[in-house]
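Subject: Handing over the model

Hi,

Here is the structure I promised to pass on.

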Amino acid sequence: MSNLYDKAYEQSMNDPDGFWGDVAEDCHWYKKWDKVLDDSNKPFYRWFTGAETNTCYNAVDLHVDNGIGDQDAIIYDSPVTDTIKKYTYSELKDIVSKFAGVLKSKGVEKGDRVVIYMPMIPQAVFAMLACARIGAVHSVVFGGFAANELATRIDDAKPKVIVSASCGIEVKKVIKYKPLLDKAIELSTFKPDACILFQRPQEKASMIDGRDFDWDDEMAAASPADCVPVKATDPLYILYTSGTTGQPKGVVRDNGGHMVALKWTMSAIYGVKQGDVYWAASDIGWVVGHSYIVYGPLFKGCTTIVFEGKPVGTPDASVFWRIISQHKVNTLFTAPTAFRAIKREDPQAKLMADFDLSCFNYLFLAGERLDPDTLFWAEKCLKIPVIDHWWQTETGWAIAANCVGLHSFDIKPGSPTKAAPGWNMAVLGDDGHPIRPGEIGAIVAKLPLPPGTLPTLWQNDERYKETYLNEFPGYYETADAGFIDEDGYVFVMARTDDIINVAGHRLSTGGMEEVIAEHPDVAECAVMGVDDKLKGQIPLGMMVLNAGVNRKHEDVVKEVITSIRNKIGPVAAFKTAVVVKRLPKTRSGKILRGTMRSIADQKEYKVPATIDDYSILDEIKESLGTIGYGSKA
Ligand code: COA
Ligand code: AMP
């Protein structure tokens with residue numbers, strides 16, 4: 001007998017219009033759609049064309065109108081500032097309406113972009129919702145990126161206004177945001193009209209007259225602005241993510257499909273209902289933060305937690321348990337690396353014993369492969385279902401998951417379970433043909449992608465096609481390799497491009513290589529993701545110096561590390577590099593990154609038949625040995 005998952009999956013494949021049309025009835029529309037799925041301009045598919053809605057109305061006002069205005073919408077829990085502050089849906093509506101008024105007073109109109117460069121404080125969420133309220137397009141930039149990265153995004157998004165804060169707090173360090181913002185605006189070709197700055201008590205930023213405005217002053221003078229109807233297909237946000245070069249890709253999210261899909265995932269995938277407390281321990285700068293700190297839980301009328309802290313060190317490895325019991329969290333979503341950090345500090349989970357976790361129903365993990373050790377440890381300590389699910393910035397929600405709101409399948413360690421409804425997945429070989437269950441190949445999704453996924457890249461349809469669609473016509477290329485077994489369980493094994501995953505953060509090794517290559521003493525270089533017990537992967541750089549350079553190698557290494565920190569940001573966690581005599585290459589000149597990675601990770605590797613001079617691998621081994629890496633051939 002088929003279960004709810006099977007039924008939903010089948011309908012989403014055979015009758016996507018009927019399936020998503022029914023799901024969409026759960027949202028508020030000013031005007032209903034002419035078409036559920038519009039395929040008139042393939043390969044660009046659009047959802048709910050002709051419809052009008054407002055994302056902020058659905059996330060905030062609707063709940064006030066439905067009588068739950070007194071329920072907590074946001075709980076801000078900041079162990080780094082010793083603050084807990086709650087906002088009801090009614091309070092949220094008032095603040096967001098006012099901040100929307102502030103944006104309007106600075107000339108922001110429907111379709112204009114607003115860059116948000118902020119730490120994990122509720123003002124970041126207010127700013128996102130305020131943009132949605134007036135139909136402006138937000139682009140949140142993660143605080144751990146350097147000025148240069150912010151400048152690239154400013155130049156691409158061309159924001160009328162930038163919203164920022166005086167500082168972020170990383171455990172005990174106060175990170176000044178304002179100098180980074182000023183530097184970014186100095187570096188960018190495009191200049192915003194205004195910056196609105198939230199001054200935090202830990203750091204008072206200096207303001208530039210005529211350009212910078214104080215958040216509190218502006219709020220005090222603002223008139224509230226109402227929700228503006230926008231087209232379902234209008235962009236809600238742009239979120240930049242790492243590509244294969246230093247130029248990030250502007251993933252676009254629309255209003256209608258996003259709202260429909262995310263609200264549905266809250267019940268279907270996460271099994272939560274209105275009034276539940278949902279906590280995504282991530283950052284609003286990442287897609288997890290967009291989808292599951294802000295929009296998903298608010299669409300569903302849940303209480304969402306905005307957490308400014310780390311799984312360890314704020315103050316210790318018990319902070320997750322304290323928050324779950326204190327705020328009665330029903331569902332937690334984080335990255336496996338957070339659990340590895342907790343496990344490292346408190347392997348017996350002794351700190352858990354002090355807290356009542358009876359409210360806690362499910363732990364969801366994503367962002368990187370869930371290693372079986374972490375899975376088993378979390379299951380053993382928590383005694384609740386631990387659910388791996390797989391998704392990407394581009395998709396906005398899970399491609400594969402154990403959809404507990406529909407049906408709980410037995411899990412298979414190492415697999416994020418089955419394709420979620422709406423996702424028609426296949427594994428293709430190099431020739432572009434589907435391969436047998438269990439065999440590894442490129443994981444792809446047959447077009448059209450379901451609602452809520454990227455319709456294109458910001459003002460770059462060509463790059464969208466080139467990056468995702470051209471390699472396997474008719475399919476979206478996930479750039480993940482893996483297999484699907486005979487029971488339909490998906491296994492995601494590795495990226496097929498040069499993206500690496502550092503503590504659940506997605507980074508481009510190509511981008512790092514571009515920065516290293518700018519060093520005047522470097523002739524060529526390669527950056528690889530090598531195994532790391534805590535962060536999953538960390539970047540490791542190898543450089544060949546120009547002939548005649550006689551400087552101390554450690555000085556060049558230090559300079560390169562500093563320049564990646566300054567140009568990409570501390571989040572790159574680039575701390576290890578080594579100078580080598582030569583880089584191993586194929587006869588056609590392709591650097592053998594895979595072989596070098598195996599050497600560094602102490603894994604077995606086959607000496608490639610495509611190199612001329614094998615002694616180069618011994619040289620690499622020797623150089624890596626000097627920094628504590630090395631291997632067996
Ligand atoms: N603003 C400024 N700097 C930031 C920052 C921010 N928002 N976020 C991180 N950084 C800095 C950190 O201070 C650190 O700098 P350092 O080199 O001076 O120490 C660097 O970027 C790396 O940060 P992070 O990746 O957080 O590593 P960490 O060693 O400080 O902590 C973990 C490791 C595992 C505890 C941490 O990565 C974590 O909590 N991960 C949770 C998972 C997560 O949020 N994933 C996101 C996707 S779901
Ligand atoms: P991001 O766009 O930052 O969300 O990163 C997306 C990438 O992270 C995916 O393409 C995968 O490589 C990896 N990823 C995310 N979730 C998982 C998972 N559950 N299992 C394996 N890899 C994952």
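Below is what turned up, starting with the domains and ending with some backbone details.

First, the ground rules. This is a predicted model, so to speak of local features pLDDT has to be at least 70, side-chain atom pairs count only at pLDDT 80 or more, and totals for chains, interfaces and linings use all residues. Residues are numbered from 1 along each chain as its sequence is written, chains are lettered from A and ligands numbered from 1 in the order in which they are written, and side-chain values use heavy atoms, with hydrogens and water left out.

**Domains**

The protein splits into domain 1 (4-309 + 391-482) and domain 2 (503-625), with bounds taken from an automatic or database domain assignment. Their C-alpha centres are 34 Å apart. At the interface, 18 residues of domain 1 are in contact with 14 residues of domain 2 (contact means heavy atoms within 4.5 Å). Together the two domains bury about 1100 Å², 49% of it on carbon and sulfur atoms; buried area here is the accessible area (1.4 Å probe) that two parts lose on being put together, summed over both. Ala146, Ser242 and Trp286 supply 35% of the area that domain 1 buries against domain 2, more than any other three residues.

What holds charge against charge across this interface? The rule finds one salt bridge there, with a salt bridge being a side-chain nitrogen of Lys or Arg within 4 Å of a carboxyl oxygen of Asp or Glu. Glu394 forms a salt bridge with Arg506, and their closest N and O atoms are 2.9 Å apart. The side of domain 1 that touches domain 2 takes its largest share, three residues, from helix H6 (residues 147-157); helices (H or I, at least four residues) and strands (E, at least two) are DSSP runs, numbered from the N terminus.

Arg153 and Glu149 are four residues apart in helix H6, so about one helical turn separates them. In total the structure holds 35 salt bridges.

**Ligands**

Ligand 1 has 23 residues around it, of which Glu170, Lys173, Lys310, Arg565 and Lys575 come nearest (a residue counts as near if one of its heavy atoms lies within 4 Å). A nitrogen atom of ligand 1 is 3.4 Å from an N or O atom in the side chain of Tyr177.

Around ligand 2 there are 15 residues, and His389, Thr393, Asp480, Arg495 and Arg506 come nearest. That list includes Arg506, the partner of Glu394 in the salt bridge above. For polar side-chain atoms, the distance to an oxygen atom of ligand 2 is 2.6 Å from Asp480, 2.7 Å from Arg495 and 2.9 Å from Gln392.

**Backbone**

Most residues other than glycine have a negative phi, and most peptide bonds are trans. Some exceptions to check:

- Lys42 to Pro43 is a cis peptide bond, with omega near 5°; Pro43 is in the loop between strand S1 (35-41) and strand S2 (44-49).
- Thr314 to Pro315 is also cis, with omega near 0°; Pro315 lies in the loop between strand S17 (303-307) and helix H11 (319-327).
- Val171 is not a glycine, yet has a positive phi of about 60°; Val171 lies in the loop between strand S9 (167-170) and strand S10 (173-176).

Cheers

Definitions and conventions
Polar contact = N/O pair within 3.5 Å; in protein donor to acceptor, adjacent residues only side chain to side chain.
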